[in-house]
Amino acid sequence: MRRKDLFSITAPLWDRIRYHKRSYYPPVRFAGRRELPETILQTRLEELKRAARRSGKPQIEIFRSIATAIDEKDLYTRGHSERVTRFSVEIAKVLAVPEDEIERIRIGALIHDIGKLMIDSRILNKPSPLTSSEYEVMKTHTTSGYEMLKHIPQMEDILPGAQSHHEKLDGSGYPQGLRGDEIPKIARIITVADCFDAMTTTRPYRNSTPVELALRIIRSKAGIKFDGSVVEALHEAVGSGRIAMRLEDRIQARHGNLS
Ligand SMILES: [Fe+2]
């Protein structure tokens with residue numbers, strides 16, 4: 001095993017030990033990084049704006065880089081954005097979504113948590129359940145994501161991925177409490193992919209849920225919290241092997257507070 005891999009596996013453990021020994025919040029560490037995620041985000045948003053001014057199509061690498069910055073800041077959910085993207089795209093394929101729409105879903109899923117870059121690292125990386133006031137702060141990542149992207153014309157179709165991926169069919173979600181078809185399709189797909197990933201990866205205060213059980217729990221909320229057709233597409237994608245939880249996913253994603 002390479003030294004860097006070993007460090008990325010052990011770093012969260014050391015942070016948790018420090019948390020218990022010395023401070024209330026663990027320090028955020030960026031293994032092998034030269035730039036902070038916020039700096040990367042600023043650069044990438046500038047690139048997006050430049051591409052928008054030229055009316056050119058932004059490169060997918062810009063969004064991948066933003067996704068990496070998000071996952072670097074959220075120390076305990078590494079790889080979350082990439083996995084949610086993989087799951088969302090496979091769900092969309094089962095649903096026979098047209099190719100250009102799949103491309104929007106891919107970008108939307110990659111940056112669905114972009115607003116987390118505005119959340120205090122001490123809350124984002126707190127290795128225990130959030131208090132209600134911290135949870136309220138965490139919930140603002142949806143509106144922060146919207147605010148960051150709303151001035152970029154090309155992001156119009158992708159915005160709902162960042163803004164509405166915590167909305168629920170019955171209106172119990174946030175930030176707007178949208179119901180049913182009021183929730184854009186892109187967000188309904190990302191929501192299911194997001195929940196599936198959150199459930200099947202370990203968090204600081206709970207173990208991961210086995211895939212079969214996670215699927216059953218999600219299905220029990222179909223038509224109530226989640227879009228029924230999206231839930232069935234997830235089942236089909238997992239059943240047919242299009243979505244497979246890989247070993248490196250489990251190693252990457254160990255802890256976190258809110259997907
Ligand atoms: Fe989120």
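**Entry 1: H11 and H12**

Are H11 and H12 roughly parallel or roughly antiparallel to each other? Before looking, I noted that this is a predicted model, where local features need pLDDT of at least 70, side-chain atom pairs count only at pLDDT 80 or more, and totals for chains, interfaces and linings use all residues. Residues are numbered from 1 along each chain as its sequence is written.

I found that the axes of helix H11 (residues 211-220) and helix H12 (residues 228-239) come within 10 Å and cross at roughly 160°. Axes here are lines fitted to C-alpha atoms, for helices over the stretch in contact, with angles from 0 to 180 degrees between N-to-C directions. H11 and H12 are therefore roughly antiparallel; the cut-offs are under 35 degrees for roughly parallel, over 145 for roughly antiparallel, 65 to 115 for roughly perpendicular, and oblique for the rest. I put the crossing of H11 and H12 down as left-handed (the near helix is turned anticlockwise from the far one by less than a right angle; clockwise would be right-handed).

Next I looked up who meets whom. From H11 I have Val 211, Leu 215, Ile 218 and Arg 219, meeting Val 231, Leu 234, His 235 and Val 238 of H12. Contact means C-beta atoms, placed from the backbone, within 7 Å. By class, I get 6 nonpolar, 1 polar and 1 charged residues for H11 with H12 (Ala, Val, Leu, Ile, Met, Phe, Trp, Tyr, Cys and Pro are nonpolar; Asp, Glu, Lys and Arg are charged; the others, Gly among them, are polar).

**Entry 2: the whole chain**

I get 13 helices and 0 strands in the protein. Helices (H or I, at least four residues) and strands (E, at least two) are DSSP runs, numbered from the N terminus. Of the 259 residues, 39% count as buried. Buried means 20 or more other C-beta atoms within 10 Å of a residue's own, exposed means 12 or fewer, and partly exposed is in between, with C-beta atoms placed from the backbone. Taking contacts between residues at least 6 apart in sequence, I see 67% joining residues at least 24 apart.

**Entry 3: H4 and what follows**

H4 (residues 80-94) has 15 residues and reaches 21 Å from first C-alpha to last, close to the 21 Å expected (1.5 Å times one less than the number of residues). Since 12 of its 15 residues are buried, H4 is largely enclosed by the rest of the structure. The buried ones include Arg 83, Arg 86 and Glu 90.

I then picked Ala 92, which lies in H4. Ala 92 counts as buried because it has 27 C-beta neighbours inside 10 Å. Leaving aside neighbours within four places in sequence, I find Ala 92 in contact with Val 97, Ile 102, Ile 105 and Ile 189. Val 230 is 138 residues from Ala 92 along the chain, yet their C-alpha atoms are separated by 8.2 Å.

Ala 96 is in the loop between H4 and helix H5 (99-110). Ala 96 is not a glycine, but I still get a positive phi of about 55°. With 8 other C-beta atoms within 10 Å, Ala 96 is exposed.

Thr 142 lies in helix H8 (residues 141-149). I count Thr 142 as buried because it has 25 C-beta neighbours inside 10 Å. Tyr 174 and Pro 175 are joined by a cis peptide bond, with omega about 10°. I place Pro 175 in the loop between helix H9 (159-163) and helix H10 (185-200).

How values were computed: Two residues are in contact if their C-beta atoms, placed from the backbone, lie within 7 Å.
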